[in-house]
Amino acid sequence: MIGQKTSGKTATGNTLLHKEVFPTCQTENCQVDQGEVAGRRITVIDTPGWWGESSRCTEDTDKEIARGLSLSPLGFHAVLLVIPLDLAFSKVQKIALEEHMNLLDASVWKHTMVLFTCGDKLADKSVEEHIEREPGALYWLVDKCENKYHVMNNMKKANMSQVTELFEKIEEMVAGNNGRLFCPNMRDVHLRIDDKFKRRQVKHVLRQRLEKEYRRRELELMLGFKEKLLELQAEIRGSETSTKPKSLSEYHTLMRRTCFFHDNIYNCFNLLF
């Protein structure tokens, strides 16, 4: 099971195993447990959740999620991507989710099923209606998973029919994959994680350099504007004391030049910031 923080992974793991084995506090480390459920021997791996904003995700969390993949060396029948129904799935969350899925392997989507939690929030509405009413990010996700999804209501742990139905959907997915399990190359996964945070560090350094350059340009523009304004003010004062008065049109020309320069400075600031 993977997903962002507070998505309900831990509670779902307890529902699937039909016992309270995973602590319901925020998971910082991978946890694994097994059990006999609905005539099947299953293994459930609970992983740490990532933040909804990709910029807040840490290298340690990503590496711990990757470690969860190593807890089943033979591979996985299913990757359950846990999405809560009580929160909107925004574009920001989509970016964080896609970023983490890309760390695993391109083939992960073939083995992934969206597992909607908080099924009680649907009330009289179907999950299909919920998907249609949500922004395009959720529709994108369901489509990416080839329309494979299931709804869990962890408030009704005794309702084992929802668990049995999930297992049947997983078996159907495995059959569609010709029995192949998801078994990524862990060396490649770790290389992608290293590359992700190296690129983030480079972006951070570049951003700092750009901000420094912007501040320098801002100061340069402001000093230039001040110098030009003083020059124009002196020109206006000189025209007022001149023996030959300037025409009204000349004053207007000076004022237009001042306003034009001011507007250019303002537009430069907007472009920079």
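**A residue, some rings and a core**

Let's begin in helix α1, residues 9-17, where Asn14 has its place. Please keep in mind that this is a predicted model. Is Asn14 buried or exposed? Asn14 has a relative accessible area of 2%, and the cut-off for buried is under 20%, so Asn14 counts as buried. Leaving aside neighbours within four places in sequence, its contacts are Lys19, Glu20, Val21, Phe22, Thr24 and Lys157.

Next, the aromatic rings. The count comes to two aromatic pairs. In one of them, the ring centres of Trp109 and Trp140 are 5.9 Å apart and the planes stand at 80 degrees, so this pair is edge-to-face. Trp109 is in the loop between α3 and β4, while Trp140 is in helix α5, so the pair ties together parts 31 residues apart in sequence. Trp109 is buried, at 10% relative accessible area, and Trp140 is partly exposed, at 21%.

Phe116 and Tyr149 also make an edge-to-face pair, with 6.2 Å centre to centre and 65 degrees between the planes. Phe116 belongs to strand β4 and Tyr149 to strand β5, so parts 33 residues apart in sequence are tied together.

Back to Trp140 for a moment: Lys94 lies over its face, 4.3 Å from the ring centre.

Last, the packing. The largest nonpolar core has 30 residues, and Leu81, Ile83, Leu97, Phe116 and Leu141 touch the most other members. Among the elements that each supply at least two residues of this core are α3, β4 and α5. Apart from it lies another core of 19 residues, including Leu16 and Met173.

Definitions and conventions:
Residues are numbered from 1 along each chain as its sequence is written. This is a predicted model: local features need pLDDT of at least 70, side-chain atom pairs count only at pLDDT 80 or more; totals for chains, interfaces and linings use all residues. Side-chain values use heavy atoms; hydrogens and water are left out. A nonpolar core is a set of buried Ala, Val, Leu, Ile, Met, Phe, Trp, Tyr and Cys residues joined through side-chain atoms within 4.5 Å. Buried means under 20% relative accessible area, exposed over 50%, partly exposed in between (1.4 Å probe, protein chains only). Helices (H or I, at least four residues) and strands (E, at least two) are DSSP runs, numbered from the N terminus. Contact means heavy atoms within 4.5 Å. Rings of Phe, Tyr and Trp (its six-membered ring) pair if their centres lie within 6.5 Å; planes under 30 degrees apart count as stacked, over 60 as edge-to-face and the rest as tilted. A charge sits over a ring if NZ of Lys or CZ of Arg is within 6 Å of the ring centre and within 35 degrees of the ring normal.
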